Each structure stands twice: as structure tokens, then as C-alpha cells.
Amino acid sequence: MNSIEKFSNSIYQSLDRYQAMTASIQSMVEAFWLRVPYLIVALTVFILFWFASKLFKYLAVKLLARRLSNRMNLLLVLKRIGSALIVFAGFLAAMMIAIPDFTPAQLISALGIGSVAIGFAFKDIFQNLLSGILLLLSEPFKIGDRISSGGFEGTVESIEIRATTLRTYDDRRIVIPNSQLFTSPVTVNTSSGRYRQSTTFTLPAGLNAEAVKRQIIHTLEQQCGDDISNPEIAVTAVSDSTTTLELRWWAKGLADNNRILDEVLSHIQPLLKQQA
């Protein structure tokens, strides 16, 4: 009898645990279905804020493009930071609707507790983010400028918050982190839609360098005037046997630098052979 009673008690205890578990699951399911309308409203609010961020970008371009035509980088900063703040506000509003006990103060305190760990984990991302904002505000270069930095050279195609994209002369894309551009020297080779180019050549020491300079500049102004402007030549080194000169010019319209260089060299090569 004792064994039968023990067996019955164990069965009853198992049934009680099962009933408690099913009741807990049922209450969770009921609570979830009670929260579904709030979740739908929260999602709808977030989507509305997301569309509002897109509308903000459109209106910023529509209203400020003319006023900031000379400072397009500032307009980019305004668009990106403004839209990000709108999306973040939408996230907070959606969280407060979906979770009634949630407050922005709780999010701030949670971020404060994990700020050290987050800072170490996303140090490079935050560094690139801040560098991108500073680059857009200070405008050391703009979209369309030709720059060189760290062995890379190309036309600035886009300046994002995290990285800057260059388009090389052979149509390749280079993505450079903004922190690298912010901390490293950057050479801007453009001015007012023109690109600075140069080449060097040598002459025998016995030749009249001034006469050669005048002849080359005259030829370039006559033959290459549609593609280059302001050609100038300077003597950079003199030795017993040779004279080294540097030819500089501005390429118009940000044309392909290899084509312009080929055109210039093709016109001065016969002159140099004739002088030699």
C-alpha cells in the first residue's frame, strides 16, 4: 500500500507541475496577444518616423540646395544627422508604446553602464563617424575634387559618415576610412573645376633654356588650349651636363589626366628632339 500511495503522490505532483507549466505558458500567450495591438501601433509609429526622415532629407535639399550651393558638405551633414535624430526619436516612441514601463532614462542608464564596453568594441566606428562629420563640416575637399592621400589618388565620389569613396582614373573605387583622411596629409589637386598636373624633363646644359621654355609654352597654348590653361615652366635643377625643368599646367574640366598628359607630352617631344 505504501508503494502504491507513493506512486500516486508522484503522479499527482507531476500533474500539478504540468498544470502549473501549462498555465504559465497560457498566461504568456495571452499576454503576448494582449500586446500585439501595441506592437502593431509601435511598428506603425516607427515606419512613420522613418518616412518623416526621408521627407526631411527631401525638404532639406529642396529648400537649402541653392543657399548652400557652395557648401554642399554642410547640407550632407544636416541631412544625415537630422534624419538619424528623427529615426532615433521614432525608435524611442515605438519602444515606449510597445513597452509601457520603458522610459528614455532607462535607455540612457543602460548605455551609461555599457558605455565602456561599447566604446572599446566600436572605437574604430565612432572614430570614423566623428572624423566624417568633421570632414563634412570643415570641407578640406568636396565631392568632385581630385585628392591624393596615403598612396591613393582619385576623384572624390562620395563622403559618407564612415568612409570616403574615390574613383580612380582607371574607373576603380577606393573606400578610405574617414579617420585616415582626417589624420593623414591630403593633397587636393583641383581648384575651381581644374586639375593640377606636372611633368619634368631635362635639356643638355648648352641649350638656351629660356628659348626652349618660350617655345614649349607657345606650342601648348596653340595646340592644347582647349584642354589646359596657364602652362608654366621652371628650372628645378642644374648640373654640368643637364638642366632639369618642370612643366606645370591646369587641366580643364577634370578631364582624364592620362589623356591630357599624353597630349602634352606628344606636343613637346618633337620640340625637345629638335633642340637636341
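## Around helix H4

Helices here are DSSP runs of H or I with at least four residues, and strands are runs of E with at least two, numbered from the N terminus. The model is predicted: local features need pLDDT of at least 70 and side-chain atom pairs count only at pLDDT 80 or more, while totals for chains, interfaces and linings use all residues. Residues are numbered from 1 along each chain as its sequence is written, and side-chain values use heavy atoms, with hydrogens and water left out.

H4 covers residues 123–138, and its end C-alpha atoms are 22 Å apart, which agrees with the 22 Å that its 16 residues should span at 1.5 Å a residue (the expected span is 1.5 Å times one less than the number of residues). Its buried residues include Asn128, Ser131, Gly132 and Ile133, along with Leu135 and Leu136; buried means under 20% relative accessible area, with a 1.4 Å probe and protein chains only.

## Annotated transmembrane regions

An unreviewed UniProt entry places "transmembrane region" at residues 36–56, 77–99 and 105–122. UniProt positions follow the numbering used here, feature names are shortened, and annotations may be inferred rather than shown by experiment. In the model, residues 36–56 are 100% helix and 0% strand, with end C-alpha atoms 30 Å apart. Residues 77–99 are 96% helix and 0% strand, and their end C-alpha atoms lie 32 Å apart.

S1 runs antiparallel to S2 (residues 152–159), joined by four bridges; strands pair if DSSP finds at least two bridges between them. Ser149 has Phe152 as its bridge partner in S2. Two residues separate the strands of this hairpin, and Gly150 there has a positive phi near 60 degrees. S1 is also antiparallel to S5 (residues 187–188), through two bridges, with Thr187 in S5 as the partner of Ser148.

## The four-stranded sheet

An open, antiparallel sheet has the strand order S6-S7-S9-S8. S6 (190–191) and S8 (228–238) are at the edges with a single partner strand each, so one side of each has no neighbour in the sheet. S7 (residues 194–204) and S9 (residues 242–252) share eleven antiparallel bridges, and Thr199 has Leu247 in S9 as its bridge partner.

Helix H6 (residues 209–223) packs on this sheet and touches S7, S8 and S9, where contact means heavy atoms within 4.5 Å. The direction of H6 makes about 160 degrees with that of S8; axes are lines fitted to C-alpha atoms, for helices over the stretch in contact, and angles run from 0 to 180 degrees between N-to-C directions.

Technical notes. Buried means under 20% relative accessible area, exposed over 50%, partly exposed in between (1.4 Å probe, protein chains only).
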